[in-house]
Amino acid sequence: MTHDTHQLCEGVAPLQARTEPWMEDLLADSEQCAALVREYGSPVNVLDFSPVARNARELEDAARAHGVTLGVCVARKANKALGLVHAAREAGLGIDVSSLAELQQCLDAGVAGERMIVTAAVKSPALIELAVRSRVTLSLDNADELEAVVDVAERVGAVARVALRLASSDGDIAATRFGLTSQAWDQRVAAAPAQHIVVEGVHFHLNAYSARERAVVLREALPWVDRLRQAGHPVTFVDMGGGIPMSYLAHREQWTRFWEALNEDSDGELTWRGDRLGLVDPHAARPSPAMYPYWQSPVRGQWLSDVLTARGIDGATIAADLTARELELRCEPGRSIVDGCGMTLADVAFRKSTSDGIPLVGLAMNRTQVRSTSVDFLLDPRWVRPASAGEPGQPMEGFLVGAYCVEEELLLRRRLRFPHGVARGDIAAFVNTAGYLMHILESASHQLPLALNVVRTGTGWARDQIDAGAPAVAHRALA
Ligand SMILES: *Cc1c(COP(=O)(O)O)cnc(C)c1O
């Protein structure tokens, strides 16, 4: 008997994920899901980077509609697979790298140095040297880094291309550890030996997803660009970083209803032992600020339009200010550029209850393998029952737990409903996990191997080369 993967599992307060056609094709093929888990072990990250070009085009089209040239640099740290690098290169996009390994791999994959920017929070001498030698722009964070870059440029006899990372001094913008104020930079840059650095851009990256805050900092950056140009620096771009919003949920009402339900959940039924998921104000049925906003509007293109049509410094719009200066606008989307690119599959190892009677479903994975820095991953898994699965138990409600030997090893902190029970060998499919959720916090504690990554090819699935050094597959598969 085959089951609709929606019917086998849903949240007690449902949060149904938006999917791509390739995901539905795979979910409908329970035997293919089982074969992937059997061949590559549990969990396995399955990736199809074809949405990257479409997501980028949405941003480029929105900018073009306002006469603005947009340079999209994919934030590589959102997903480590080399398939993302290939997709970005083929779509003509740049890449934002945050470590020596990320940079080296991109160069090896044939990405031109001029199409990359290094935004690593700490930059080793080796990273700086490779960037300088490869004509990659370095986003400078502080004066010591400026000095280190000048030293390397001097030593290798090259000119370092740099962007200055701006820490906003606007009272509306949260304080940040990143960058320096424009005044601080002006002093430092004036004192630096001009023959070894060329200031090509101004860079910033803000937390959260506010279009209004991007406009605030762009209004601060533009007069600074004018000052830098007057001082002789050939600034050609302003890079507004990442944080471009996306939406994971198929239905806005589910998002609203979930927070209303959690707010009213005085018995702690919806979540693991009554977890409030960071809800601070018990009287506001608003999403918790500790959670990623799984439903947002506007996203991507429309959001960028809102930034560009915001009031500029010369009385018109930000778009008009950029075009009047012949400035390229750049951005570094991570999460929103890999929207629609991945799923994580893991199989059921056991069913049981806690000593006080809470039903549990144990998956062969750990919680760092589907997690971002926010409090929980809030989407309902899809549930696949291959022919190889065992006998399902009774209809139940319970929680997903993982492989780390700690009490709080919850894969999701929400109570899930299984109207057709759960069987050993069922497969949980975590949807749309390519952006951060697979890799940003993954760990190999307990010496459990990291998940393998497989990328969709024309004819099937192939291991991504990022795992070339991983232990043999035979050691991971359960079978
Ligand atoms: C993480 C990061 C990004 C990507 O952010 P998203 O929220 O994934 O779009 C871009 N630029 C910098 C400097 C970053 O640190």
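Colleague: Let's start with a helix. Which residues of helix H8 are buried?
Modeller: Keep in mind that this is a predicted model. In helix H8, which covers residues 182-191, the buried residues are Ser182, Trp185 and Val189. They span an arc of only 55° around the axis, which puts them on the same side of H8.

Colleague: And what does the face turned away from the buried side carry?
Modeller: That face of H8 has the exposed residues Gln187, Ala190 and Ala191.

Colleague: Nice. Which residues are buried in helix H2?
Modeller: In H2, residues 30-40, they are Ser30, Cys33, Ala34, Leu36, Val37 and Tyr40. The arc they cover around the axis is only 160°, so they sit on the same side of H2.

Colleague: What follows H2?
Modeller: Gly41 does, and its phi is positive, near 90°.

Colleague: Let me pick one residue now. Is Leu84 buried or exposed?
Modeller: Leu84 belongs to helix H4, residues 82-90. Its relative accessibility is 1%, so Leu84 counts as buried.

Colleague: Which residues is Leu84 in contact with, leaving aside neighbours within four places in sequence?
Modeller: Phe49, Val52, Val74, Arg76, Asn79 and Val338. As for Cys106, which is 22 residues from Leu84 along the chain, the C-alpha atoms of the two are separated by 10.0 Å.

Colleague: Changing topic: how many aromatic pairs are there?
Modeller: The count comes to 12 aromatic pairs. One of them joins Trp272 and Phe399: the ring centres are 5.3 Å apart and the planes are at 80°, so this pair is edge-to-face.

Colleague: Where do Trp272 and Phe399 lie?
Modeller: Trp272 is in the loop between helix H10 (252-264) and helix H11 (300-308), while Phe399 is in strand E14 (residues 396-401), so the pair ties together parts that are 127 residues apart in sequence. Both Trp272 and Phe399 are buried.

Colleague: How are the rings of Phe377 and Phe430 arranged?
Modeller: Their centres are 6.4 Å apart and their planes are at 55°, so that pair is tilted. It links distant parts of the chain, 53 residues apart: Phe377 is in the loop between strand E12 (359-363) and strand E13 (382-384), and Phe430 is in strand E16 (residues 427-431). Phe377 and Phe430 are both buried.

Colleague: Which residues line the largest cavity?
Modeller: Thr119, Ala120, Ala121, Lys123, Ser139, Leu140, Asp141, Arg165 and Phe178. That lining splits into 4 nonpolar, 2 polar and 3 charged residues.

How values were computed: Residues numbered from 1 in each chain as written. Predicted model: local features only at pLDDT ≥ 70, side-chain atom pairs only at ≥ 80, totals over all residues. Heavy atoms only, no water. Buried < 20%, exposed > 50% of the residue type's maximum accessible area, 1.4 Å probe, protein only. Helix = DSSP H or I, 4+ residues; strand = E, 2+ residues; numbered from the N terminus. Arc of directions from axis to C-beta. 1 Å grid on protein atoms, 1.4 Å probe; cavity = no way out; pocket = protein on both sides within 12 Å on 5 of 7 lines; lining within 4 Å. Nonpolar A, V, L, I, M, F, W, Y, C, P; charged D, E, K, R; others polar. Phe/Tyr/Trp six-rings, centres within 6.5 Å; stacked < 30°, edge-to-face > 60°. Contact = heavy atoms within 4.5 Å.
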